[in-house]
Amino acid sequence: MTTVVHTKADLAKARAALSGTVAVVPTMGALHDGHRANLGRAKAAADAVIVTVFVNPLQFRPHEDLDKYPRTLDADVRMCEAEGVDVVFAPSVNEMYPDGREGLTSVHAGPDGEILEGASRPGFFTGVLTVVSKLFHLTKPDFACFGEKDFQQLAMVRRMVRDLDMGIEVLAVETDREDDGLARSSRNIYLSEAERAAALAIPHAIRAAQASPDPLAAAERILGAEPGLDVDYIAVRGNDLGEAPESGPARLLIAAKAGTTRLIDNAPVVIEPRKIGDPDA
Ligand SMILES: Nc1ncnc2c1ncn2[C@@H]1O[C@H](COP(=O)(O)OP(=O)(O)OP(=O)(O)O)[C@@H](O)[C@H]1O
Ligand SMILES: CC(C)(CO)[C@@H](O)C(=O)[O-]
Ligand code: BAL
């Protein structure tokens with residue numbers, strides 16, 4: 001039986017009734033199989049699972065898709081029931097921010113929050129870390145699951161937990177993909193048929209990058225050849241999001257728009273050492 005609560009007071013009661021370890025899976029709802037993989041990871045890690053469903057206005061800028069973001073709570077609860085989730089916390093904006101946004105105390109993301117997603121979406125990580133820390137305080141978890149699809153978000157949450165001594169173990173969940181390779185995302189439903197076809201250049205670019213000694217150049221070649229995509233960034237960074245190493249394991253990160261829909265994806269890549277005599281060395 002899944003208990004669905006909408007207020008902090010009811011969440012506190014539901015939390016107190018749980019025994020053993022607890023894992024939380026923070027989401028914005030519109031749950032898909034990528035979320036299901038996070039629920040599975042949470043179930044495997046802890047005795048009880050809490051899922052939060054909250055479309056957090058703090059992480060959207062005025063021109064972004066806050067109003068049209070899909071809200072499908074009934075279906076979300078059905079998935080949670082099927083997956084054996086103990087508690088779903090689905091608060092209103094007023095429940096989470098009763099004093100409004102003006103003057104709100106927030107968690108500042110630091111310099112890592114200003115690159116990549118943070119450069120394209122200023123204030124995004126402050127919005128994410130602020131709500132995630134509130135959700136952690138409210139749900140008091142031992143574990144928290146985050147998807148690698150949002151790789152920088154996962155890194156920022158890990159950093160916050162470490163820097164602020166939150167004592168929560170952050171578990172990473174590998175990106176779940178559709179059969180054709182597109183990373184599952186609640187925003188995929190916005191895509192027209194033509195936009196979805198163009199979006200497939202992203203997983204193609206990832207596969208090409210993984211097969212190339214120069215992953216960045218390989219990804220740039222494929223994405224540059226797709227007129228239906230407006231690339232925001234293609235970057236290769238270290239796994240900690242620092243500068244890419246000269247050679248060895250690294251992370252390829254991509255953000256691009258298909259029509260008005262902004263998609264992100266990322267994957268592990270390996271940079272091969274340059275050989276003496278290589279004209280590019
Ligand atoms: N395809 C996926 N595979 C694994 N985890 C995922 C996937 N998609 C989302 N998640 C994870 O689920 C959690 C909640 O994400 P969220 O509710 O924003 O879904 P989303 O599909 O990423 O939505 P959007 O792309 O619209 O932001 C995050 O930790 C996110 O990384
Ligand atoms: C972590 C999160 C639930 C915070 O609003 C959101 O950024 C998301 O769904 O990835
Ligand atoms: N999945 C990350 C949340 C966002 O894009 O707003």
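1. Strand S2 (22-27) and helix H6 each contribute at least two residues to the shell around ligand 2; helices (H or I, at least four residues) and strands (E, at least two) are DSSP runs, numbered from the N terminus. The largest contribution to this shell is that of H6, with 3 residues. The structure is a predicted model, in which local features need pLDDT of at least 70 and side-chain atom pairs count only at pLDDT 80 or more, while totals for chains, interfaces and linings use all residues. Residues are numbered from 1 along each chain as its sequence is written, and chains are lettered from A and ligands numbered from 1 in the order in which they are written.

2. The residues around ligand 2 are Pro26, Thr27, Met28, Asn56, Gln59, Val128, Val131, Val132, Asp150 and Gln153. A residue is counted as near a molecule if its C-beta atom, placed from the backbone, lies within 6 Å of it. By class, the shell holds 5 nonpolar, 4 polar and 1 charged residues. Here Ala, Val, Leu, Ile, Met, Phe, Trp, Tyr, Cys and Pro count as nonpolar, Asp, Glu, Lys and Arg as charged, and the others, Gly among them, as polar.

3. Of the 16 residues in H6, 13 are buried, that is, with 20 or more other C-beta atoms within 10 Å of their own, the C-beta atoms being placed from the backbone. Lys140, which follows H6, has a positive phi, near 45°.

4. Around ligand 1 there are 18 residues, of which Gly34, Gly147, Arg184, Ser185 and Ser186 come nearest. Helix H2 (33-45) and strand S5 (143-147) are the elements that give two or more residues to this shell. H2 provides the largest share, 4 residues. The shell around ligand 1 divides into 5 nonpolar, 8 polar and 5 charged residues.

5. The chain is divided into domain 1 (3-173) and domain 2 (188-271), with bounds from an automatic or database domain assignment. Their C-alpha centres lie 26 Å apart. The contact takes 9 residues from domain 1 and 10 residues from domain 2, two residues being in contact if their C-beta atoms, placed from the backbone, lie within 7 Å. On the side of domain 1 that touches domain 2, helix H5 (117-120) and helix H7 (151-163) each supply at least two residues. H7 gives the most to that side, with 3 residues.

Terms used. Buried ≥ 20, exposed ≤ 12 C-beta atoms within 10 Å, placed from the backbone.
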